[in-house]
Amino acid sequence: MKIRLAADLQSDSIVDGEGIRTVIWTQGCPHNCLGCHNPGTHDFDGGELVSVDDVIEELKALKNQDGITLSGGDPVCQSEACLPICKAAHEMGLNVWCYTGYTYEAMLRNPKHYNLLKEIDVLVDGKFVLQEKSYDLYFKGSKNQRIIDVQKSLSEQRIVLVSKYVEEKTCSNDYEKPSYLFV
Ligand code: SF4
């Protein structure tokens with residue numbers, strides 16, 4: 001099986017979810033959000049087709065990662081190819097975050113998306129909305145997006161947000177540069 005990727009795997013990220021993560025940049029997105037940070041990932045014929053087995057082998061070779069993050073592009077558009085990667089990540093002890101322009105509710109209604117959802121730990125859902133953009137949010141670009149604890153949400157049949165990321169960041173507004181910093 002192949003997956004279309006926009007870029008090489010990116011290890012050691014600290015901005016694409018909690019902890020130290022390896023990001024899988026999928027290629028192809030239908031959402032066309034105004035102000036998208038990554039328009040080069042929209043074309044479904046762009047990027048490069050890569051073997052899913054090769055992606056898994058590459059993950060196995062990495063050290064000191066807490067999890068993987070499916071990003072893009074919209075990884076949910078390649079749910080079937082992402083599924084074995086998520087399963088392998090879990091077998092390696094890595095947790096799985098996923099960014100998507102779809103909502104959690106919409107994913108529940110699509111059997112392929114639902115299958116992927118069952119292998120995701122944290123879903124950051126919804127389109128990027130420029131009018132709701134903020135730099136004071138944890139791990140998301142606009143206020144409408146939700147950081148969802150997927151396994152709890154599935155078992156309780158309601159949307160359960162990751163509580164520590166519901167509030168806005170508390171340090172950015174009154175941050176003062178320490179005097180020992182020169183830049
Ligand atoms: S879902 Fe993400 S990648 Fe797709 S258009 Fe929106 S911001 Fe860009």
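A residue counts as buried if 20 or more other C-beta atoms lie within 10 Å of its own, and as exposed if 12 or fewer do. The model is predicted.

**Exercise 1.** Determine which residues of helix 2 are buried and where the exposed residues Glu80 and Glu91 lie.

*Solution.* 
1. Helix 2 comprises residues 79–91, 13 residues in total. Its span from first to last C-alpha is 18 Å, close to the 18 Å expected at 1.5 Å a residue.
2. The buried residues of helix 2 are Ser79, Ala81, Cys82, Ile85, Cys86 and Ala89.
3. These residues lie on the same side of helix 2, because they cover an arc of only 150 degrees around the axis.
4. Glu80 and Glu91 are exposed and sit on the face of helix 2 turned away from the buried side.

**Exercise 2.** Identify the elements against which the buried residues of helix 2 pack.

*Solution.* 
1. Among the strands, the partners are strand 1 (2–5), strand 3 (21–25), strand 5 (67–71) and strand 6 (95–99).
2. The helical partners are helix 1 (52–61) and helix 4 (111–117).
3. Just after helix 2, Gly93 adopts a positive phi of about 85 degrees.

Definitions and conventions. Residues numbered from 1 in each chain as written. Predicted model: local features only at pLDDT ≥ 70, side-chain atom pairs only at ≥ 80, totals over all residues. Helix = DSSP H or I, 4+ residues; strand = E, 2+ residues; numbered from the N terminus. Expected span 1.5 Å × (residues − 1). Arc of directions from axis to C-beta. Contact = placed C-beta atoms within 7 Å.
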